Amino acid sequence: MISIKTPQEIAYMRESCRIVKETLEFVGKNIRAGLTTKDVDDMVYRYIISCGARPSSLGYEGYPASSCVSVNDVVVHGIPSDRIIEDGDIVSVDITAEKNGFNGDAARTFMIGDVSEEKRQLVRVTEECFFKAVEGLCAGTPLYDIGYAVQTHAESFGYGVVRTLVGHGIGRDMHEDPSVPNFGKKGTGMRLKAGMTICIEPMINAGTYKVKFHRDGWTVTTLDGKPSAHYENTVLITDNGVEILTL
Ligand code: MF3
Ligand code: CO
Ligand code: CO
């Protein structure tokens, strides 16, 4: 079932999304080589709690941390650990926070120190994929136009678009209907409605789109070991456009 948010619910979504945005800004200012991915998670936990919110991922289907911290070839769902972040790494940090019963969800890929041109371009194009997807998006747009826009842009650079992980609706639950794939055929799928809140989250690989799911139940890496980037925002659909709630 796809939920249409009331004005009051949208106000709560705005608040949770603002907290997520601020947490990611705080991480962006403090993340550096020498920290462990667990240090990053501690930062996230403390910041979210200080806002009177709750990290939704903590305990979600048994997930053990407040953030996903995914380094280089880790596509998403990197579990914070004693892994040390190194100069030249790209590190995607994905967080979800809940307050007043509503969730905000966003991810950024941070570049640490002296990053190769190959990785820089990947990070830039992944962000561009998101903005291509929201360009012209409004109530009435067919759902798979989002994936079409992401896929067209990513593949024009020879990149692989992850198929087995997708964006999603969001609200009282972190993951709601509909699924929002990063690939698809223009003009197909249900038409978006005003008051829907969805997460658009391109996961783009430098090489093959194929990924490997690890035995820890969470970690997803690229099959060829090449780097991957992730960029996500929670978006409100309106009659004349979108409001990017986590920006
Ligand atoms: N934030 C992720 C997403 O974008 C989901 C994280 S799953 C968790 O959908 F278990 F780590 F929370
Ligand atoms: Co997320
Ligand atoms: Co998401």
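**View 1. Donors of the cobalt ion (ligand 2).** Along the sequence, the residues that donate to the cobalt ion (ligand 2) follow the spacing D-x10-D-x126-E. Asp94 lies in strand S4 (residues 90-99) and Asp105 in strand S5 (residues 102-111), so this pair ties together parts 11 residues apart in sequence; strands here are DSSP E runs of at least two residues and helices are H or I runs of at least four, numbered from the N terminus. This is a predicted model, where local features need pLDDT of at least 70 and side-chain atom pairs pLDDT 80 or more, while totals for chains, interfaces and linings use all residues. Residues count from 1 along each chain as its sequence is written, chains are lettered from A and ligands numbered from 1 in written order, and side-chain values use heavy atoms, with hydrogens and water left out. The protein donors are Asp94 (OD), Asp94 (OD), Asp105 (OD) and Glu232 (OE), 2.1 to 2.5 Å from the ion. Donors are N, O and S atoms within 2.8 Å of the metal (3.2 Å for Na, K and Ca), and sites may look incomplete because water is not among the atoms. Asp94 counts as buried at 12% relative accessibility, and Asp105 is buried at 3%; buried means under 20% relative accessible area, exposed over 50%, and partly exposed in between (1.4 Å probe, protein chains only).

**View 2. The neighbouring site, the cobalt ion (ligand 3).** Here Asp105 (OD), His168 (NE2), Glu201 (OE) and Glu232 (OE) coordinate the metal at 2.0 to 2.2 Å. Asp105 also bridges to the cobalt ion (ligand 2), with the two ions 3.2 Å apart. Glu201 sits in the loop between strands S9 (197-200) and S10 (203-205), and Glu232 in the loop between S13 (228-230) and S14 (233-238), a pair 31 residues apart that links distant parts of the chain. Both glutamates, Glu201 and Glu232, are buried.

**View 3. Strand S9 and its partners.** Thr197 and Cys199 point one way from S9, Ile198 and Ile200 the other way, and all are buried. In a regular strand, side chains alternate between the two faces of the sheet. S7 (residues 167-169) runs antiparallel to S9 and is joined to it by two bridges (strands pair if DSSP finds at least two bridges between them), with Gly169 opposite Ile198. S14 pairs with S9 over four bridges, again antiparallel, and Asn233 stands opposite Ile200.

**View 4. Ile49 in helix H2.** Ile49 belongs to helix H2 (residues 37-50). Its relative accessible area is 40%, so Ile49 counts as partly exposed.
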